[in-house]
Amino acid sequence: MDLLEMFGEEEVNGLTLGDILDEKYCISPDSFYENFGYLLNDKSDQIMEKDEAEKIIQYIQDSSQLKSKNFAYVPKEGTLFKVFKDKLKRYRQPFNKSADKLNVVKDINKFKINTLLFLQQLSKAKTINYTQDIDSFEKSSNILFIFGIYNYLEKNQSEFDSEKEDYYFNTLSSLVIIENIELKLFLLKNLIEKETLFTHRKFEFDLLLHRIYILTVVYPILIKEFIKQKLDITANILGISGTYEDGKIKSLKKKAFIYELLRKHNGYNLKKLIGDFEAIQVNNLGLFGNLYTRVSKLQEIKGEVMDQFKEDFYDMIEIFSHQGLLSKDDILFIFEGYPMKLQKEVISSWRNIRKK
């Protein structure tokens, strides 16, 4: 933050470091509230509205500040989600629940109302790149995913073979491992509507899940790593010269270069997410509760398992990187070994999942 302030006039691809500071951060908790925080203050009474504003500002001050020598900045991306989650907690509104505490009759409608409120208000924050907020929301709740599974399964129940119901539900619930909600929903749609899921025999499910993990977990990591290694950001492009040829400045300008390339790209189609989610009506409470239970139980292991998977996977990539280009055998080893280990962790948890 100090460097962004100090070298605010320096340019990267026509964008100054000062511009980036203004685009990515508010200069105080009060400034963030004035720009965005009011979206989550639904109090109509003037006194209550003021009290709610003070609580929101205090929460931001306690949890979301990045301090420089001169200011305490608030990130525009991700903070609105934190405020929303804190607000629901203060008013004891459900955001997500463990499987054992789910009350299907009481909770479904509240899940939907709260989710729509957040997404709709997020869409009004025009100068925020909402990708991080949606990622954080879904990572914490899985609500968009669970409603999505329900929607596709409820429409295709006639295709179920009751003997393989557990395999269907467990396989689909395992997609919770994937981090991008649109990718999860895309896979759900294709697995079910193209009947890929229903044409597999029991012993083929492990192979199906293994292929899904390679496609949705391994590929994104490898593609990201490939881009990082191949993106040649030269000093000439960055405009680094003279006294600014300091290691920290170079590093900062490289980050600024990436930011400038991606600053207008949102990772999600928010309007479509809202429209698709709003249209889902839950009529089969038993089916919804069953799916919620499975996803919730898998969520309990998701964080630890995925963190360990990524750590091991990146360590292996780094080892190969030092040895030169990856050979075909190296790639096959990565593809077959690490997803299989991840898959065993997930499948082992299926045995502990009970039906509601």
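Residues are classed here by relative accessible area as buried (under 20%), exposed (over 50%) or partly exposed (in between), with a 1.4 Å probe and protein chains only as cover. The structure is a predicted model, in which local features need pLDDT of at least 70 and side-chain atom pairs count only at pLDDT 80 or more, whereas totals for chains, interfaces and linings use all residues. Residues are numbered from 1 along each chain as its sequence is written, and side-chain values use heavy atoms, with hydrogens and water left out.

Helices (H or I, at least four residues) and strands (E, at least two) are DSSP runs, numbered from the N terminus. Three strands make up an open antiparallel sheet in the order 3-5-4, two strands being taken as paired if DSSP finds at least two bridges between them. Strand 3 (25-26) and strand 4 (66-67) are the edge strands, each pairing on one side only. Strand 5 (residues 72-75) is joined to strand 4 by two bridges, in which Lys 67 is the partner of Ala 72 and Leu 66 the partner of Tyr 73. These two strands form a hairpin with four residues between them. Two bridges also connect strand 3 with strand 5 in the antiparallel sense, and Tyr 25 has Pro 75 as its bridge partner. In a regular strand the side chains alternate between the two faces of the sheet. In strand 5, Ala 72 and Val 74 point one way and Tyr 73 and Pro 75 the other way, and all are buried.

The whole structure contains eleven salt bridges, defined by a side-chain nitrogen of Lys or Arg within 4 Å of a carboxyl oxygen of Asp or Glu. One of them joins the side chains of Glu 23 and Arg 263, with an N to O distance of 2.4 Å. Because Glu 23 belongs to helix 2 (residues 17-24) and Arg 263 to the loop between helix 13 (247-262) and helix 14 (270-278), this pair ties together parts that are 240 residues apart in sequence. Glu 23 is partly exposed at 27% relative accessible area, as is Arg 263 at 26%.

A salt bridge also links Arg 90 to Glu 52, with the closest N and O atoms 2.7 Å apart. Arg 90 lies in helix 5 (residues 79-90) and Glu 52 in helix 4 (residues 46-63), 38 residues apart. Glu 52 is buried at 0% relative accessibility, whereas Arg 90 is partly exposed at 30%. Both residues belong to a salt-bridge network that also includes Asp 42, Asp 86 and Lys 87.

Asp 100 and Lys 297 meet in a further salt bridge (3.6 Å, N to O). Asp 100 is placed in the loop between helix 5 and helix 6 (104-124) and Lys 297 in helix 15, 197 residues apart. Lys 297 counts as buried because its relative accessibility is 19%, while Asp 100 is partly exposed at 48%.

Helix 15 also holds Gln 299, which is partly exposed at 24% relative accessibility. The C-alpha atoms of Gln 299 and Lys 139 are separated by 9.0 Å, although these residues are 160 residues apart along the chain.

Helix 15 (residues 285-322) contributes five residues, the largest share, to a negative surface patch. Patches consist of residues with over 30% relative accessible area and no salt bridge, like charges being joined within 9 Å and nonpolar side chains (Val, Leu, Ile, Met, Phe, Trp, Tyr) within 5 Å. The negative patch is formed by Glu 304, Asp 307, Glu 311, Asp 315, Glu 318 and Glu 345. Glu 304 is exposed at 67% relative accessibility.

Key: Accessible areas come from the Shrake-Rupley method with a 1.4 Å probe; for residues, only the protein chains shown count as cover. Lys and Arg count as positive and Asp and Glu as negative; His and the chain ends are not counted. The place of a charge is taken as NZ of Lys, CZ of Arg, CG of Asp or CD of Glu.
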